[in-house]
Amino acid sequence: MITTLLTGFAASPWIRAALRYGAIALAVLLFLFALRRSGERAGRLAERLETSEKTNDVQRRMLEAAARRPRDHHELAERLRDGSF
């Protein structure tokens with residue numbers, strides 16, 4: 001019964017054309033959805049990269065500040081006296 005019905009659909013030229021255009025429309029729709037997903041993924045990756053760059057910049061500045069700090073309380077007192085702190 002079902003095979004007879006499907007064979008009847010495949011035999012009609014109008015139905016075949018409708019199925020062909022429907023398949024093309026479905027392929028285009030799926031392509032657009034995939035394109036949207038990849039765009040969202042790229043946006044998330046760009047945001048993650050920007051966040052990591054900010055974090056790295058803050059850590060670099062903290063390390064530079066730690067390298068310039070006085071080594072002991074004598075050096076701190078000397079810098080305070082000189083006014084170079």
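This note sets out, in numbered points, the main features of the structure above.

1. **Basis of the model.** The model is predicted, so local features are given only where pLDDT is at least 70 and side-chain atom pairs only at pLDDT 80 or more, whereas totals for chains, interfaces and linings use all residues. Residues are numbered from 1 along each chain as its sequence is written, and side-chain values use heavy atoms, with hydrogens and water left out.

2. **Secondary structure.** The chain has three helices and zero strands, in the order α-α-α from the N terminus. Helices (H or I, at least four residues) and strands (E, at least two) are DSSP runs, numbered from the N terminus.

3. **Overall form.** The radius of gyration of the chain is 34 Å, well over the 12 Å that the globule rule gives for 85 residues, so the chain is more spread out than a compact globule. This radius is taken over C-alpha atoms, and the rule is 2.2 Å times the number of residues to the power 0.38. Along the principal axes, the C-alpha atoms fill a box of roughly 100 × 20 × 10 Å. Thr51, in helix α2, is 28 residues from Arg79 in sequence and 36 Å from Arg79 in space, C-alpha to C-alpha.

4. **Burial and surface.** Of the 85 residues in the chain, 4% are buried. Buried means under 20% relative accessible area, exposed over 50%, and partly exposed in between (1.4 Å probe, protein chains only). The chain exposes about 7900 Å², of which carbon and sulfur atoms supply 65%. Accessible areas come from the Shrake-Rupley method with a 1.4 Å probe; for residues, only the protein chains shown count as cover. Thr51 is partly exposed, at a relative accessible area of 45%.

5. **Nonpolar patch.** Tyr21, Ile24, Val28, Phe31, Leu32 and Leu35 form a nonpolar patch on the surface, with about 630 Å² of accessible area together. Patches are made of residues with over 30% relative accessible area and no salt bridge; like charges are joined within 9 Å, and nonpolar side chains (Val, Leu, Ile, Met, Phe, Trp, Tyr) within 5 Å. Leu35 belongs to helix α2 (residues 13-68) and is partly exposed, with a relative accessible area of 47%.

6. **Charge.** The chain carries 15 positive and 10 negative charges, whose mean positions are 16 Å apart. Lys and Arg count as positive and Asp and Glu as negative, while His and the chain ends are not counted; a charge is placed at NZ of Lys, CZ of Arg, CG of Asp or CD of Glu. A patch of positive charge on the surface gathers Arg37, Arg41, Arg44 and Arg48. Arg41 is found in helix α2 and is partly exposed, with a relative accessible area of 41%.

7. The structure holds eight salt bridges, each defined as a side-chain nitrogen of Lys or Arg within 4 Å of a carboxyl oxygen of Asp or Glu. In one of them, Lys54 pairs with Glu50, the closest N and O atoms being 3.6 Å apart. These two residues are four apart in helix α2, separated by about one helical turn. An α-helix has 3.6 residues a turn, so residues three or four places apart point the same way. Lys54 is exposed at 53% relative accessible area, while Glu50 is partly exposed at 45%.

8. Arg61 is partly exposed, with a relative accessible area of 47%, and Asp57 is partly exposed, with 31%. Salt bridges that share partners join Asp57, Arg60, Arg61 and Glu64 into one network.

9. A salt bridge links the side chains of Glu75 and Arg71 (3.6 Å, N to O), and Arg71 is exposed, with a relative accessible area of 71%. After α3 comes Gly83, whose phi is positive, near 80°.
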